[in-house]
Amino acid sequence: MITAYALIILPVITGVISLFISSERVRRNLLMIVAFIHLFMSILLCNGSAGELNGVWLGLDALSRLFLVITSLLFTGSAIYSMVYLDKHPHFNGPAIAGLRMPGNSNAIFAACMQLFLAAMSLSILSMHFGLQWIGIEATTLASTPLIYYHRNRRSLEAAWKYMILCSVGIALALMGVFFLAMTTSSHVQQFTPAGLSLFSGYLKVEWLKVAFIFFLVGYGTKMGLAPMHTWLPDAHSEAPSPVSAMLSGALLNCAFLGILRIYQVCVAVPGAAVFANELLIIFGLLSLAVSGIFILHQPDYKRMLAYSSVEHMGILALGVGLGGSAIAAAMLHAAGHSLVKASLFLLSGNVLAVYASKKVEDVKALLKAMPLTGALWLAGFFAITGTPPFTTFNSEFAIVRVALQSGSWKVATLYLLFLLLVFIGMLTIFMHMCFGKKGEQEVDGTAGESFWQILPPVVFLTTALLLGLYLPDFVRNTIDGAALLLGGKAL
Amino acid sequence: MINHSSILICLAMIVLSPLLPGIINKTKAFFGGRQGPPVLQLYFDIAKLLRKTSVYSETTTAITRIAPFVILFSTLAAALLVPVAFRSASISFSGDIILLAYLLGIGRFFMVLAALDTGSAFEGMGAAREVLYSALAEPALFCGLLVLINETSQTSLSAIYEKLTAECWWQNPMTFLLIAVSWTIVLLVENARIPIDDPNTHLELTMIHEVMILDYSSKDLAIIEFAGAVKLAVFSSLLVGLIFSGNELSLPLQLLAFTAAMTLVAMIVGVVESTIARFRLLHVPKFIVGSGALAIIALILKLSGN
Amino acid sequence: MQQFLIAIALITTGGILAFITRKTRDVSTIVGAGSAIIGSLIAVVPVVRVLFNSVELPLLLLNLPLGQATLRLDAVSAFFSLPVLLLLAVVALFAGIEAAHDKHAHDGWLFFNFLGAAMLLLLVAANAVLFLVAWEMMSVAAFFLIAWRDEIASARNAAWKFLVASHIGTAALMLLFAMLGAHAGSYEFAQFSGAHFTDGMASVAFFLALFGFGVKFGLLPLHVWLPEAHAFADAPVSAVLSGAMIKMGFYGLLRILMLLPNISASWGWVMVAGGLLTGIFAMAMALAQSDLKKVVAYSSVENAGIITMAIGCSILAIVWKQPFIAGAAMAGALLHILNHAVCKGMIFLASGVVYHTIGTRKLEVMGGIARSMPFTATCFAIGATAIAGLPPFNSFISEFIIFVAGLQVATLQEPAALLLAFLIMSGLALIGGLAVATYARTFGLVFLGAPRQEKRHEISDIAPSLRLPFMILLGFILVLTVTSPWLVEILLRVAATLMAGHQGFALADLQGELLHKPLIIVVQFSVALLALVIAGWQLRSRFFSTGDRSDRPTWDCGYAAPDARMQYTSSSFAQTIVDIFSPVVRPYKHGEKVTGLFPQHASFRSDAPDSLLRYLFSPLFGLVDRILLPLRGLQHGRLHLYICYVAITLLALLLWKVVAI
Amino acid sequence: MNGIATLLAITCLLLLGSSRILVSIRMVAFQGVLLGLLPLFVSGTGHIGVSALILTVTNIGLKSILLPWLLTRALFASGARREIEPFIGFGTSILSGVFLLAVSGYIVNRLQSTAAISSSITLIAGFFMVFSGLFLLITRRKALTQTLGFLVLENGVFTTGLSLGSEFSVYVELGILLDVFVGIFLMGIMLFHIDREFDHLDVDRFNELSDLAVDVVSNEEASE
């Protein structure tokens, strides 16, 4: 339990400290150290020795295990990456605003907010109490807004503002949901946690649960990027610094998703609610898939394309959970796979951006020749994200189709595959345009974006995704199956 | 399924085949009210050609040298597969007609290549026409064949002709008439006769078969001419076998009848050539497709028949 | 079985090593090509054992994320791995030697070996998931091979088309296997065949399979990727793609057919009709092409059509309970697959050589190459004769078998049978005739006549070392021809395995001897013809050629100054035929009519991009664009309306659901 | 208690109607006060729990003093005009406000049919505040007014929570408050930045980031 608290407290402290560290080097090393300690502790926490802990506030079950490890892993990767990234971008002192002087320079804020962000995410993952979880998720918004505004220009400001407003609104609605959920519980519920509520599922009032679920879905769905509430997502992801985009897409969305999963956990326990929840999830899943397909086709900005692909995959997750059965396990697997791949893609996009200094697809040509490593990984990432075997994403996507057909919903399966096809074609066009072709007339120095620390995290992530596609180690399988069982699903 | 007696007959047919063009020309001459060349003319030509030395175009390659032999031997092989004198063919087996058709095909293929080998515009023209017409003619042949197979439920040419008796004709005469006509057309096409092609025109632009062998001379030309005659004989005997049935006659009678029938076919061709004018090249494909159509009609009749 | 897997592993690692050592070209060449060749040789051993003394090799289990996957090598897999192994080895040899000779030769060993390994894996996969994995890896490897010359826009374009097409196909396959898996409760093929599908499900499955695999082997509307992919890939690549990868489509289809016990006549009819149309269309297109490799590629489509027809015929025969016909048709199809692989491999390699030597694929400017490249010309000639289905070579044998099946169908006393016989016989005849035309045109205008290009640098034939692969392929052509009567026995065994699930035809029912005897005669004829022709030719040129001279220009009907440009060109050669098919081919024609007594300079050229691409797919994709692009307006950047989306969603859900409460 | 709820609803209607930002800020501050008082009445029956007291204090402290002060500062610091410039006229806004009131009444009515609610008036007020908060966010042009709208929304959520009588432990409540406060605070800081970057607070002109533009070049491969 101590470790669990430490996971949250440590980054907060170090984050606040690093605000006041003046030396760039020290700050970065601190960031690195925190990242590794966090990773170490979460692995320690999750290798099962800690067992299931169900506190009133914090707890640890298969779901939180899965998401905690992913988050920590991604954070470490981004931390390593940002070592180099920060060098490439001049940091300037925060402006004095109405006497409120922002302490430290932008990089200090970056480091600090990264760690606070980590803390917030850990909180939202580890918290069992719905209220606490809400606090955590809202905190992630607060911590990540300055990160999005890192570049201090109009576009990033606009993105940050939209992110701030939309997510706050959404999360306010989620809070409403929390209250409704509280309303459903009759007096003799001790713990306001999924487990606690499920225990007394008999006493829960279905109607209120449904209303609560609607608020959760719309609220956290906004944060998770389900269409049509996803509108902040492309802006934020494309304007944020690449390591941040990686975190946003790979880790933050999962946290929001977890928010929905927690109430879904309750719905499963209550007879009428599950069907209701599934219906909504399937609808929103397909909607997100469709929207992402529309916007990925002919997308002129490759970071936005990645963002929309995140929308797509959130849709897949929702769909998978909505279909139930072993699709839930598949969705969990997919969450892991998507986080790894999408994070590496965003990091790689950082490399490309560093060299070509443009987010426009048309400006990037012959990546494979200009920056061989990045180009190769970029293509590999493409095949991984579109669910091409042997990457792990294929298994999950295929399993979802199978479950869809098992439950006889041909329409869903066909639409699902159609949208995936649309996304594939759109992305293929873009990736081919970027990777192949003659070297552009403007001579780019590819080596700028190819330093070891920039390549290492994507390599690790993609390799992991590949290996997971070929073989699923027992601890992963158990975690995923455990998570699926918590959500009333079947093993993979 | 090797029939030794018919091998001899077949050989005889092969040897005598140059008579057929002679007969055709005689007939044409008769209709034209001329004396006409002797029936043995083709023999004389071949003999003359064999004595000469040949001149090859400088653009030619080995293809030109090989082609005559491919044509000759494939045609001879084909002759072995066709029933002669109302007896089963020298060599007969299930699907022999296919082999027959494709043997003629390889010969044609090489003649076309040889034509292209010279790099002459005219010969290319002829080659282009040849491949088109034969491609269209072959389905017609097989179409007719299908009906016969279905009638006799045999798959080897000889067996089919053996089963194909007069009463088959009486039962559904229309069908067989159509097939006969369609096969006659195929014969005309395959042997480059009027109305498809005029063997003794003098305007290269309008030629098909003759133009392809413009550059051949002496022995090669002799071989090709002879092969042509054999090919004509092969098709004629196919036609004869279709129309007449005499497998219950005794051998001498069969021989007699067969010779007569072949002569008759040759004369018919002659009559056709001297009565019908040569088609414009544009119309030829339609004509050939028409022959296929006839066969298809026959097929449909057969379908409705059973 | 282990040997097979070892081979796969070897080939893969070889590819990877070759990639690592790509800086030092010779090493990577040796490693890549060597591993491919040795791997194939190793893999042949179990294949032969399975095929010839029909032993069942032990199964192997693989632990995949979606459950245990079985690997097994049965007769069907073994048969289909023949073309793969053959081409893998020979082409690797060719590419290796070529790479040693010139610096611009193909050196994508990584993906080349991956392609081979993926195909082999595909063949032994007895599990849907593993099958899909191998299938996709195959496609991806092929994609990279096609896009190898990625600085050329058209190559990129071809690769794009290929991957999109194959992904569409894969989507169908995912649906198919998901359905089967959902119904059988497992992804194992063994379970599939056990599960009882309703006729409806079976039909859905079949048509999904036909669609999904049809994309690969180029069934009529789905073939559009094929010509360009083969045209713009390097010769060795197109050889493998056309010879081996396309065949994997047939493998998959037959696999699925094996698993669906309740077979229905409609499938057969669809396949026969589809195959027929494919064949005719492909030939019509081939004649209109002006790009050497596109012509050859279209001929692959044509052969796919023939094979499809044969399989369809076999299906119908199964439904009609005609074991002999079913067996013959299937055997013919299988043999044709093998033959096509050999011949097409040779032709693609030969045309690759031509392309490398004279640096263009345009038929219009070729001609007269045979004089300077006799060896290549001979190879191409033999390959062309063979692939056009003419005796005395192997493809004729397989077409002959199919014909025999057709003849047999004609003896059945029912209208449907007669119709089928008609389709097959006249269809094959027509396609064959067109094929003769196509290859006469291709060979004649590329190799024969005089060069149509004004100035051409001095060209020479391929290096002696490069001839080895050709010799091997030639050897295979002859061997396949001569041994066919006995080969048929094996093919029938394979066919029996294929049809075991359906009517339970025993091998004996297939009456191999009815095929054996005719084939022997056919083979005798072929050999005799070959021998006589060569003998006659040699005699003629040795002893009876005194006084012959070949120093005169071609007789041009009295025209004094004949000129190479006066020759018939490829387009003019094909024009008469193309005009007949112009409604489907829709050729482009640029040029003005020649008018007047003394016409001015005039030019004419015609070409035919795939009409289905132009009139079906491009409009389709355009339509999708036109529908979707306006929707992008939803992301207009106005925060107020974004919030509005959220609010509306919330209200809508509340009203909808709360009212429902 | 119902009285306070009604007052809250009325303030919302006034907010919808008011044309001057300063007034709106004051209005929101007043809402904060009301909201702060609300918990005291929830527990009812005279005696007041410590936790409730703490909540009241913090609530009033943050929502009706600190944040309004911040926003006012922002307003004065920015050279922007003090009018609200809505998309939808004030009259219409009030009308739609009434409509929203009706809707929330309807929803609460439906919900009531299923389960007993401690005070339906408050719940209606809560819903109404949420909706009008959203309405403000949607229809008001300035970044500042959007912040206000968000504040109203938050207040609405709180009211709902209270009306549902769902009492969490005070820590959670405080945490929530803290989050909200920091959120608004950040928004305030960003207001300054926006003012500096764009020298206007007009969010409606924030549409540099959009997908309206369609790239043709990346379409090259597809076109054939």
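Modeller: Keep in mind that this is a predicted model. Let's start with a helix pair: helix 15 of chain C and helix 16 of chain C are roughly antiparallel to each other.
Biologist: At what angle do helix 15 and helix 16 of chain C pack, and how far apart are their axes?
Modeller: The angle is about 150°, and the axes are 8 Å apart. Angles over 145 degrees count as roughly antiparallel, which is why the pair gets that label.
Biologist: Is the crossing left-handed or right-handed?
Modeller: Helix 15 of chain C passes helix 16 of chain C in a left-handed crossing.
Biologist: Which residues meet there?
Modeller: From helix 15 of chain C, they include C:Ile402, C:Phe403 and C:Val409. Among those in helix 16 of chain C are C:Leu418, C:Ile424 and C:Leu428. By class, the contact has 11 nonpolar, two polar and one charged residues.
Biologist: Switching topic. How many residues of chain A are in contact with chain C?
Modeller: 45 residues of chain A, and they touch 41 residues of chain C.
Biologist: Which element of chain A gives the largest share of that side?
Modeller: Helix 17 of chain A, with eight residues. The side of chain A that touches chain C has 31 nonpolar, nine polar and five charged residues.
Biologist: And chain D? How many helices and strands are there?
Modeller: Chain D has seven helices and zero strands.
Biologist: What percentage of chain D is buried?
Modeller: Buried residues make up 47% of its 224 residues.

Note on methods: Residues numbered from 1 in each chain as written. Chains lettered and ligands numbered in written order. Predicted model: local features only at pLDDT ≥ 70, side-chain atom pairs only at ≥ 80, totals over all residues. Contact = placed C-beta atoms within 7 Å. Helix = DSSP H or I, 4+ residues; strand = E, 2+ residues; numbered from the N terminus. Nonpolar A, V, L, I, M, F, W, Y, C, P; charged D, E, K, R; others polar. Axes fitted to C-alpha atoms, helices over the stretch in contact; angles between N-to-C directions. Parallel < 35°, antiparallel > 145°, perpendicular 65-115°, else oblique. Left-handed = near helix turned anticlockwise from the far one by under 90°. Buried ≥ 20, exposed ≤ 12 C-beta atoms within 10 Å, placed from the backbone.
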